[in-house]
Amino acid sequence: MGQDHIRYDILAQDALRSVIRKVLIEVAATGALPGDHHFFITFLTGAPGVRISQHLKAKYAEQMTIVVQHQFWDLKVTETLFEIGLSFSDTPEKLVIPFNAIRGFYDPSVNFELEFDVAAAEEEETAEITAYPVATADKTAEPEGETAAAKSGDDGKKEGGSVVSLDSFRKKN
């Protein structure tokens with residue numbers, strides 16, 4: 001097989017990340033999510049450009065999942081990142097998340113899921129998209145009743161990132 005000089009893998013990732021960008025732009029413009037839509041967004045906390053408080057960084061050293069549902073504010077979206085205000089244990093926090101740091105995006109109201117294999121900063125040029133859905137153990141379950149939360153997928157035993165499955169968030173039929 002020949003070498004991919006075009007880098008279709010990177011082009012596909014960019015195209016899928018633009019879906020997330022367009023959805024967040026619409027939410028920012030209206031100030032609310034339409035219908036029952038809500039999002040679980042998992043990102044690498046150590047990725048270039050990520051800005052979170054030292055408290056959250058210490059608690060979620062590798063990755064974090066945020067829930068965008070009822071309580072969020074100051075959502076701003078640019079070509080490369082988004083900013084959002086969320087509350088964690090009644091403490092308001094501002095997060096800045098580059099689209100390239102996102103590992104997963106899931107809207108359980110319509111069972112829509114995107115997952116990305118985000119490489120470490122030094123390997124960023126060779127990142128690839130993974131197929132979805134992925135059937136692996138979930139490490140980011142959201143406790144009942146919380147509207148904005150973060151859960152760590154870092155068990156301290158792995159090097160690099162791990163794929164996060166969002167199967168437990170899917171509606172059971």
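Modeller: A nonpolar core here is a set of buried Ala, Val, Leu, Ile, Met, Phe, Trp, Tyr and Cys residues joined through side-chain atoms within 4.5 Å. Buried means under 20% relative accessible area, exposed over 50%, partly exposed in between (1.4 Å probe, protein chains only). The model is predicted: local features need pLDDT of at least 70, side-chain atom pairs count only at pLDDT 80 or more, and totals for chains, interfaces and linings use all residues. Residues are numbered from 1 along each chain as its sequence is written, and side-chain values use heavy atoms, without hydrogens and water.

The largest nonpolar core holds 31 residues. Phe43, Met64, Ile66, Phe82, Ile84 and Leu95 have the most contacts inside it. Among the elements giving two or more residues are helix H1 (8–30), strand E1 (39–44) and strand E4 (81–88). Helices (H or I, at least four residues) and strands (E, at least two) are DSSP runs, numbered from the N terminus.

Take E1. Phe39, Ile41 and Phe43 are buried on one side, and Phe40, Thr42 and Leu44 on the other. With 6 of its 6 residues buried, E1 is therefore largely enclosed by the rest of the structure. E1 pairs antiparallel with E2 over 6 bridges; pairing requires at least two DSSP bridges between two strands. Phe43 has Met64 as its bridge partner in E2. E1 also pairs antiparallel with E6, over 4 bridges. There, Thr42 stands opposite Gly104.

Now E4. Because 7 of its 8 residues are buried, E4 too is largely enclosed by the rest of the structure. E4 and E5 pair antiparallel over 8 bridges, with Leu81 opposite Pro98. Their hairpin has 2 residues between the strands, and Ser89 takes a positive phi near 55°.
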